[in-house]
Structure formats: structure tokens, C-alpha cells
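I opened my notebook to get to know a new structure. Come and look along with me, one entry at a time.

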Amino acid sequence: MEFDAHAADRLIAACRDAARTLQDQRDGRESASTAALTEFRGVFADCFRENVASERAARSELVHMLEDVARQVQDAKNAAEVEQRRLDDLTEWALASGWARAGGGFGVDVGPRPSTAETDRPVVSVETARQGLRVWASGSPAGASSADPDTLDSAVSTFRIHDDSDRASADKVSAAVSDFEEKCSWVHSDLHAVRGGLRRFLEDNHQDASRLSDIASTFRAAGGSGDVGQITVSNGLLVLATAPMSLSGAALLSYLSSATEADVMALATMPGWKQALQGIEPSKIGTWWAGMNPRAGTVTGVPGFSRVQELLLAAAPAVFGALDGMPALARVRANQLNAPSVLRAAEKDLETARKLSEVGQSHHDPNRTKMLENEVAYLNQVKSGEVQLYLYDRDRSRIVEMIGTPGSDTRHVITYVPGTFTGMDNFYTGGVQQVSKYLGGTVPGTVAFVYKDGRFPGEENTAGGPNLARIGEANDENLARTSGQQLASFEAGMRTDPYLNEAEQTGIGHSWGLANLTSSEVARTRYDKVVSLAGAGMLPDWKPQPTTEYSNLYYYDLLIHGQGVTNPVTKKGVVWEGNNPIHREEFEQHYYRGPHDDQLRAINTVEEGNILMENHNLIASNIKDNREALRDMQSLINR
């Protein structure tokens with residue numbers, strides 16, 4: 001017979017202790033809940049009140065269940081003792097009878113044989129405790145709620161103290177149940193409901209405490225606490241605080257359109273709604289934003305941004321500064337508001353780099369220090385409004401600078417993609433903006449986006465300079481395809497801007513930048529014009545679009561020289577397998593002589609290699625030697 005009385009005693013004690021703990025907490029939890037509800041008003045208060053009732057009922061159910069288990073185990077223990085005595089008596093009788101038959105028990109009365117009928121094996125089993133569903137308001141942001149966050153936090157503190165105690169009791173019960181089931185197999189036991197019921201109770205209580213804490217934090221962030229006491233916020237804000245993903249995109253945008261100043265103060269501290277916002281289609285984002293403030297000059301429009309728009313941009317500048325579908329000027333404003341934050345991060349990195357330099361750290365890179373100095377200077381220009389950022393993520397090497405101002409007079413939109421080795425420092429120092437600034441200043445109605453979304457081929461990871469070991473990435477089909485899809489996403493979001501979507505769209509790509517541009521065509525982006533500046537090549541499945549004008553402007557340079565080399569195995573060009581703009585008849589060709597071309601003879605000296613590299617960079621510059629090409633670019637845009 002497998003029955004350990006000590007294991008049974010431990011389970012009885014654990015259940016009775018847990019039941020006592022739950023009972024002893026009842027008054028304290030009731031008192032804390034009553035205090036929290038004193039100034040709590042609205043649909044969330046109603047939900048909390050219902051959850052308090054559900055918790056009370058569940059607590060009573062569990063107390064009853066634990067006491068029932070203790071009683072059943074005690075009965076099982078009593079039955080086991082009866083059975084054990086019967087077995088002991090039967091054993092004793094058998095031994096005495098055997099002794100008597102052997103002649104050793106002469107004159108001993110062994111008595112009648114004890115019963116051989118086994119004691120009924122007891123059953124220890126309970127049904128799952130009934131526990132009502134705990135529900136918090138979600139789905140509709142209509143209406144408002146009010147509360148004193150201090151009283152809510154006080155209740156949360158009490159709940160969590162109780163939960164810790166309950167968790168310890170539940171762990172002891174669970175361990176005792178496992179021990180009992182292992183060591184008392186003579187009993188038919190089914191105690192899964194005990195562990196499950198306690199686990200469900202603890203999970204529900206944990207959710208209640210977490211939700212109430214979220215709500216208290218939201219009220220506090222909106223300006224409540226201390227002398228302020230009770231404060232009112234919209235229910236939509238509390239939905240975002242407790243269950244942001246429960247709101248549909250339309251409901252979220254509708255709520256944000258009418259958010260109060262107190263709401264927005266709290267929104268700035270909450271991450272959930274920002275994640276939900278990023279999942280909404282760019283076109284819907286654009287329509288929503290425009291609906292909050294019609295264009296300036298209309299009857300209902302106001303210059304710049306409405307009050308709600310300004311509040312939202314200030315609440316989540318990093319989100320709105322990177323949110324596809326937001327108008328360009330709104331993204332620029334968001335990134336300007338976010339500039340102090342990223343500037344502090346850059347200054348901190350610069351301080352660390354300078355300290356490493358001072359102590360002579362062997363792994364310190366002076367180029368990184370210089371890049372950080374350039375970044376700090378650049379971000380100060382963003383902060384002051386001298387530089388307009390459409391996108392900025394320094395940790396992921398993402399930056400899009402906007403040149404020009406979108407408006408009703410915008411007729412040309414240029415997406416300029418620089419080439420291989422382009423790092424963040426090239427933006428900080430103005431190296432990759434030269435062509436766009438020239439065209440923006442010479443072609444009226446032009447807005448240009450100088451684009452870099454992620455690491456470019458050959459970009460050095462920490463200092464922003466070239467990494468020659470990674471030059472092969474400029475010929476990588478998979479990288480180009482992925483980058484093209486990202487650029488296509490940028491184009492779709494940017495073109496939702498009402499000032500930009502009717503303008504002529506021109507893509508200009510220097511070197512690998514053309515591979516990025518034409519790969520976005522493979523991803524179904526359409527341009528009116530594509531201009532190659534010494535472009536590298538195209539994907540094998542790229543096809544020219546019948547309504548797109550293609551042009552290729554170049555000097556004889558290192559890339560052009562490489563495009564003339566054939567792979568002896570494949571019999572195709574070593575650069576993009578010969579699928580280069582210089583070899584495609586769809587591209588209108590514009591060839592220029594470089595200032596030092598007369599010095600070129602054979603490509604066998606370092607000096608001549610340097611001339612070819614200078615020519616490659618010359619086509620993307622705004623210097624006197626490149627003015628003929630720049631004027632041709634101007635004509636192509638105007639054509």
C-alpha cells in the first residue's frame with residue numbers, strides 16, 4: 001500500500017494555510033479597493049468595480065476548494081490508517097497461524113482470520129473553481145474617466161503585497177500536491193484543478209494590479225497627483241495605456257484627432273500607441289493628418305500646424321519623424337523637435353571618444369571622434385532649422401535630408417541616392433547634398449530628398465568612412481533587391497504628401513545609388529525620370545518603364561573602366577554582369593571629359609587610378625569642373 005502520512009499532512013497543512021491567508025487578506029483588499037474607487041469615475045472605474053466583485057467571489061471559491069481538499073485528504077488519511085491496521089492484523093494472524101501449524105504455538109489461540117476485504121480506496125478530487133472573467137474597458141475611446149492616481153497606486157501596492165504572499169502559499173500547495181500524488185498513489189487523486197485555480201487567480205490578480213498601475217501612471221502623467229488630486233482624461237487614453245492593440249487603426253486616429261492637452265502629456269510617456277500607429281497604412285495616416293488641419297489658405301486652415309498637431313509632434317517626435325504617410329513638413333518638424341534628444345546622445349558618445357583619445361586607448365579611432373564632432377555640429381543645424389531632416393536614426397544609419405520647401409508651387413521632386421561607401425559623415429559634412437542643392441537652387445519649384453536608409457555597400461560601421469573590404473557589396477544582387485524594396489516604401493510614403501504627389505518624380509542615383517533606384521523600380525516604384533550619375537548597374541529582372549526617361553551622365557572613371565571588363569567564365573561583365581546604364585540603349589548618354597583626362601594613358605599607375613576615382617566623384621559634385629554636367633542635369637529636370 002503506497003501512502004505516506006507525512007506527505008498527506010504536508011498537503012493538509014499547505015491547503016489550510018493558503019485558505020487562511022486568502023481569508024485574512026479579504027478585509028485589507030476590500031478596504032484598498034473601496035479607497036481606490038472613492039474618486040475613480042467612468043467606464044474604467046466600472047470595470048474595476050466588477051473585477052473587485054469577481055476577485056472576491058474567486059477568493060471565496062478558492063478558500064472553499066482548499067478547505068475541501070484538506071478535508072478529503074484527511075479522510076483519505078483516516079481510510080489509509082484503517083486499511084493499514086487491517087493489513088497489519090492480517091499479517092500478524094498469518095504469522096501466528098504459521099507458527100501454530102509448525103508446533104511452535106502449542107496452546108496458543110490465534111483467533112479468527114481478519115477480514116480480507118480491502119478498504120475502499122478513497123478519491124481526492126475537486127472541480128475547477130468558478131472564477132469570473134476580469135475585463136478592462138477596450139475598443140471604444142468615447143467618454144472620459146477621472147481618478148486620483150495616489151489612491152490607485154496605494155491599492156496597487158496593497159494588491160502586490162497580497163499577491164506575493166498568495167504566490168508563496170500557492171507554491172507550497174503545488175509542491176505538496178506533487179508530493180502527495182507521488183507518495184500516496186493508493187488514493188485516487190485528481191488535483192489538477194487546485195494548481196490551475198490558484199494559477200488563474202494569481203494571473204488575474206497580477207493583471208488587475210498591472211492595469212490599475214498603468215491607469216494610475218496615465219493619470220499622473222496627465223498632471224494628477226499630490227495637491228492636484230483628481231484629474232480627468234479621455235477613455236481613449238486609458239485604452240491606449242492598458243490595451244493599445246485593441247483599438248482599430250481608425251479608432252486610434254479618431255481618438256488622436258481630438259486628444260486633449262492632458263491626454264497628450266500622458267501620451268508622451270506611453271509606448272503602446274506608437275507601435276500601433278506604425279502599423280497603419282501610409283495613405284490613411286496622410287488623410288488623418290490632413291483632416292486635422294486643412295491646407296493653409298483655405299477657410300478652415302491655419303498656418304503651420306494646429307494645436308493638436310503640435311502637441312502630438314511634441315509627444316512622439318521620434319515616431320512621427322519616421323512615420324510613412326506623414327507630410328514632409330510635419331516629419332521635418334518632428335525631427336527638429338527630436339534633435340535635442342539625439343544631440344544629447346551624440347554629445348555623450350563624443351565625450352566618451354575624447355576620453356579614450358586622451359588616455360591613448362589602442363582601439364580608439366580618431367576618425368570616429370571627428371565624425372561625432374561633425375554629427376554634433378550637424379544636429380545643431382537641425383535643431384535651429386537650418387537643416388531639414390525627413391528621417392534620422394543614427395543607430396541604424398538612416399538619414400534622409402530634405403532640401404527645399406513643399407508647397408503649392410512644387411513641380412519637381414527629386415530622390416537623390418548617393419553611392420558606394422556613403423556613410424553618415426558624408427551627410428554631416430555636406431558631401432552628398434551638392435547636386436540636390438544645386439538643382440534646388442536652379443530649378444524653381446524643386447524639393448529634393450537626399451536618401452540613405454540603412455548601411456550602404458562599403459560603409460564603415462563606426463567611423464562612417466569607407467571599408468574597402470566590403471566593396472563587393474556594391475555588386476550584391478540580394479542587397480540591391482532588399483534596398484530597392486525599402487526605397488519603394490519610402491517613395492510610397494513620401495508621395496502621400498498632397499504637396500508632392502502631383503509633382504514630377506525624378507530619381508537620381510550616383511554609382512551604387514542607381515542600383516538602389518532601379519531596384520525600387522523592380523519593386524514597382526515609378527519615376528518620370530531616372531538620371532544615372534556614373535551608375536553601377538541594374539538587377540537582371542529590371543525592365544525600363546515605357547513612360548520613364550532614362551539618362552546616364554559620366555566621365556571616364558574607375559567604375560566605367562570596370563564595366564568594360566569581362567568575366568572569363570561567364571563571358572559577362574564583372575560589374576552587374578554587364579547590365580550597366582552605359583551599355584543600355586534606353587539611357588540617353590552624356591559623356592564628359594575630366595580636367596585631368598589628358599594625363600591618362602594606361603591604367604597602371606597609382607596616379608592614374610586616383611584620376612579615375614576623382615572623375616567618379618566629380619559627377620556628383622558642385623564644383624566648377626562639373627558645371628557642364630550640372631547644367632545638363634538642370635535641363636533634364638526642366639525638360
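**Entry 1: a lysine to start with**

In which helix does Lys 274 lie? I found Lys 274 in helix H8, residues 272-278. A reminder to myself before going on: this is a predicted model.

Is Lys 274 buried or exposed? Its relative accessibility is 18%, and buried means under 20%, so Lys 274 counts as buried. I then looked up its contacts, leaving aside neighbours within four places in sequence: Lys 274 touches Leu 267, Ala 268, Ala 315, Ala 316 and Val 319. I also checked Pro 244, which is 30 residues away along the chain; the C-alpha atoms of Lys 274 and Pro 244 are separated by 8.9 Å.

Apart from neighbours within four places in sequence, Trp 273 is in contact with Leu 240, Pro 244, Leu 252, Leu 256, Leu 267, Ala 316 and Phe 320. A second, separate core has 46 residues, among them Leu 389, Ala 534, Ile 560 and Met 633.

As for the largest nonpolar core, I noted 61 residues. Which of them touch the most other members? They are Phe 40, Leu 267, Trp 273, Leu 277, Trp 288 and Phe 320. I jotted down a general reminder: nonpolar side chains in soluble globular proteins tend to be buried together.

**Entry 2: aromatic rings**

How many aromatic pairs does the structure hold? I read off 22. One of them is formed by Phe 40 and Phe 219: the pair is edge-to-face, with 6.4 Å centre to centre and 90° between the planes. This pair links distant parts of the chain, 179 residues apart. Phe 40 sits in the loop between helix H1 (5-37) and helix H2 (43-101), while Phe 219 belongs to helix H4 (residues 192-221).

I checked how accessible the two rings' residues are. Phe 40 has a relative accessibility of 1% and therefore counts as buried. Phe 219, at 0%, counts as buried too.

My next stop was Tyr 378 and Tyr 428. Their ring centres are 5.3 Å apart and their planes meet at 50°, so I wrote this pair down as tilted. Tyr 378 lies in helix H13 (residues 366-384) and Tyr 428 in helix H14 (residues 424-428), so the pair ties together parts that are 50 residues apart in sequence. Both tyrosines, Tyr 378 and Tyr 428, are buried.

I also found one aromatic cluster, made of Phe 40, Phe 48, Trp 136, Phe 159 and Phe 219. Arg 29 lies over the face of Phe 159, at 3.9 Å from the ring centre. Elsewhere, the charged end of Arg 331 sits over the ring of Tyr 390, 3.8 Å from its centre.

With 19 residues at 1.5 Å each, H13 should span 27 Å; its end C-alpha atoms are 28 Å apart, which agrees. Its buried residues include Thr 369, Asn 374, Glu 375 and Tyr 378. What do the buried residues of H13 pack against? I listed helix H12 (328-358), strand S5 (388-393), strand S6 (398-403) and H14. Just after H13, Gly 385 takes a positive phi of about 95°.

Then I turned to helix H20 (residues 627-638). Its 12 residues should span 16 Å, and the end C-alpha atoms are 16 Å apart, which agrees. The buried residues of H20 are Ala 629, Leu 630, Met 633, Leu 636 and Ile 637. They cover an arc of only 115° around the axis, which puts them on the same side of H20. Among their packing partners are helix H15 (434-442), strand S7 (412-417) and strand S9 (504-510).

Glu 491 lies in helix H16 (residues 477-494). At 1% relative accessibility, it counts as buried. Not counting residues up to four places away in sequence, Glu 491 touches Thr 415, Gln 505, Thr 525 and Tyr 527.

Last, the backbone. Most residues other than glycine have a negative phi. Ser 511 has a positive one, near 55°, and I found this residue in the loop between S9 and helix H17 (512-522). Ala 534 has a positive phi of about 50° and lies in the loop between S10 and S11. With a relative accessible area of 1%, Ala 534 is buried.

Terms used:
Residues numbered from 1 in each chain as written. Predicted model: local features only at pLDDT ≥ 70, side-chain atom pairs only at ≥ 80, totals over all residues. Heavy atoms only, no water. Helix = DSSP H or I, 4+ residues; strand = E, 2+ residues; numbered from the N terminus. Expected span 1.5 Å × (residues − 1). Buried < 20%, exposed > 50% of the residue type's maximum accessible area, 1.4 Å probe, protein only. Arc of directions from axis to C-beta. Contact = heavy atoms within 4.5 Å. Core = buried A, V, L, I, M, F, W, Y, C linked by side-chain atoms within 4.5 Å. Phe/Tyr/Trp six-rings, centres within 6.5 Å; stacked < 30°, edge-to-face > 60°. Lys NZ or Arg CZ within 6 Å of the ring centre and 35° of its normal.
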